[in-house]
Amino acid sequence: MNEVMELVLSASFGFSVLRLTTPILLAALASVISERVGVGNITMEGTMLISAFTGVVVSAYSGSAWLGFLAGVLAGALSGYVLAYIIFKLQVDDILAGIAVNLLGSGGTVFFLFALTGVRGISTSLSSKVMPSVDIPLIKDIPVLGEIVSGHNIITYLSFLAVFVIWYLLFRTPLGLRIRSVGENPDAAKSVGVNVYKTKSIALTIAGVLSGMGGVYMSMGYVSWFAKDLTAGRGWIGIAAAAMSGQHPVGAAVASIFFGVADATANTLQTINLPSQLVLMIPYVVTLLAMCVYAYYRLQKKKMQARAKTAAVKAQAQ
């Protein structure tokens, strides 16, 4: 037990938390902007897989990590735009469209991996590149803090920067106002001249970019290869983090860090003699428990609001 506590309280554990938070945070931000525009977007998992695969293939054939990164992000953006077209032009249910994208991401990437390499499981035959890590000047020399914050993959820093960017976009720009108005009341937004389809398409494309960054991080930052279902449910955990945040970028960051801690704890517990299956299920059990607690909190809040409203009506009647 003492050994576990030493590991949990170490600087390397903090470093691991930020590293594991990155893909969850990017998926959560994608979910936030999707929900804000009024779309039930569940494609984060599939989009991340598509982008992860694209990044590995392009970086391997081009010899450039940055070209792989851009290709993966563009694949995510295209996935988001196509999703918008399917939902709003072809009138397909958003959940059914999301399931289709997720199945395509899971099965399609394996098919194309086999077509390119002759191997179904993992892309080790492709000499793909890795995005660079960044040492932050001055901070890297600070004891403990430098070990936790500095030296991460550049996408990790971009993910936390994205929290501010999405917050600013949603609450400080005309586009963000249109996104929120369309999500709250599309008919009212349309009546004042807002192009609802265009606004939703832009929001889902941005969500695709964020998911794409998360996917590229998994295959060109977290590891240096692509494998079947590499994301391991992190897209779904990101959706849970967004729901717990009340669809707010800053809250999504806090919730994502919470799930990052759970993931890092699971990795740490693998060092002691616990069954691996038990350890690997910890992040998903924590996600389920957190959603139950959040749902209970929301239910109690609604009951309190209903009681307050009833009391106000009675007071007016008297």
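Good morning, colleagues. Please bear in mind throughout that the structure is a predicted model.

I begin with the chain as a whole. Its secondary structure amounts to 14 helices and 2 strands. The radius of gyration is 21 Å, close to the 20 Å that the globule rule gives for 318 residues, so the chain is as compact as a globular protein of that length. Along the principal axes, the C-alpha trace spans about 75 × 50 × 40 Å.

I turn next to the domains. The domain assignment places residues 1–272 in domain 1 and residues 278–317 in domain 2. Between the C-alpha centres of domain 1 and domain 2 there is a distance of 27 Å.

How many residues of each domain are in contact with the other? Domain 1 contributes 13 residues and domain 2 contributes 10. Together, the two domains bury about 1,000 Å² between them, and 80% of that area is on carbon and sulfur atoms. Salt bridges between domain 1 and domain 2 number 0, while 2 residue pairs are in polar contact, both at pLDDT 80 or more.

Which helices each supply at least two residues of the side of domain 1 that touches domain 2? They are α11, residues 234–244, and α12, residues 249–269. The largest share of that side comes from α12, with 6 residues. Sorted by class, the side of domain 1 that touches domain 2 has 10 nonpolar residues, 2 polar residues and 1 charged residue.

That concludes my remarks; thank you for your attention.

Notes:
Residues numbered from 1 in each chain as written. Predicted model: local features only at pLDDT ≥ 70, side-chain atom pairs only at ≥ 80, totals over all residues. Heavy atoms only, no water. Domains from an automatic or database assignment. Contact = heavy atoms within 4.5 Å. Buried area = accessible area lost by both parts, 1.4 Å probe. Salt bridge = Lys/Arg side-chain N within 4 Å of Asp/Glu carboxyl O. Polar contact = N/O pair within 3.5 Å; in protein donor to acceptor, adjacent residues only side chain to side chain. Helix = DSSP H or I, 4+ residues; strand = E, 2+ residues; numbered from the N terminus. Nonpolar A, V, L, I, M, F, W, Y, C, P; charged D, E, K, R; others polar. Rg over C-alpha atoms; globule rule 2.2 N^0.38 Å.
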